[in-house]
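Hi everyone, thanks for coming. Let's have a look at this one together.

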Amino acid sequence: MYYRCEYESPLGTIALGSNGTALTGLWFVGQKYFAQGLPDDAKRVRTDELPVFSQTKRWLDTYFSGEEPDFTPPLEVEGTPFRREVCQALLEIPYGQTATYGDIAQKLSEKRDGTRTSARAVGGAVGHNPISLIIPCHRVVGASGSLTGYAGGIDRKLKLLTMEGANLNGCFIPKHSTAM
């Protein structure tokens, strides 16, 4: 059975999804790929508290207060083995830092004894990250430092990185951005 609840963040409503024991989804409501992978009934039904939702809300409260959370709620990434592998690599990007799609591809290639992984394949997996924020896909930037490819929107990505104190010198910030 799947469960859902919502959290009001400074950047908009966030939907949380769970299988009852672990967090399986975290999306800004209306973002690209919103609630992808959850059964239709979980997308419609809002449930009462589960321990994993309480833990996740505490993580989000800490994060949005400008502090780095010192714990991670139980996570269960559903998807292909490659997507799960990319999500694990995302968890290794430190708070307030960024990595490129190419950096992640290189890291995965090294773990696979040199079997080449393309940055484009990594980008596809990052874009479908089912547990946004906690699995920090917003910390991934383009090879040139461009703030690209965030399903929650570039403005949110910029606000998240700024809140974390990430060094954005050299990053290309699109002109349409209203985040600063």
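Let's start at Y95, which counts as buried at 18% relative accessibility. Buried here means under 20% relative accessible area, exposed means over 50%, and partly exposed is in between, with a 1.4 Å probe and protein chains only. Bear in mind that this is a predicted model: local features need pLDDT of at least 70, side-chain atom pairs count only at pLDDT 80 or more, and totals for chains, interfaces and linings use all residues. Residues are numbered from 1 along each chain as its sequence is written, and side-chain values use heavy atoms, with hydrogens and water left out.

Now, which residue counts as buried at 0% relative accessibility? That is Y63. Y63 and Y95 form an edge-to-face aromatic pair, 6.2 Å centre to centre with 85 degrees between the planes. For such pairs, rings of Phe, Tyr and Trp (its six-membered ring) have centres within 6.5 Å; planes under 30 degrees apart count as stacked, over 60 as edge-to-face and the rest as tilted. This pair links distant parts of the chain, 32 residues apart: Y63 sits in helix α2, and Y95 in the loop between α3 and β4 (99–100). Helices (H or I, at least four residues) and strands (E, at least two) are DSSP runs, numbered from the N terminus.

A search of the whole structure finds four aromatic pairs. One of them is W59 with Y63, stacked at 5.2 Å centre to centre and 10 degrees between the planes. Both lie in helix α2, four residues apart, about one turn of the helix. W59 is buried too, at 6% relative accessibility. Ring pairs join Y7, W59, Y63, F64 and Y95 into a cluster.

You'll meet W59 again in the largest pocket. That pocket has 15 lining residues, and W59, E68, T72, I134 and R139 lie nearest its centre. A pocket, on a 1 Å grid over the protein atoms alone, is an open set of points where a 1.4 Å probe fits, with protein on both sides within 12 Å along at least five of seven lines; lining residues have an atom within 4 Å of a point.

Finally, how far can we trust all this? The average pLDDT of the chain, the predictor's confidence in each residue from 0 to 100, is 84, and 83% of the residues score at least 70. Where pLDDT is low, the predicted coordinates should not be read in detail.
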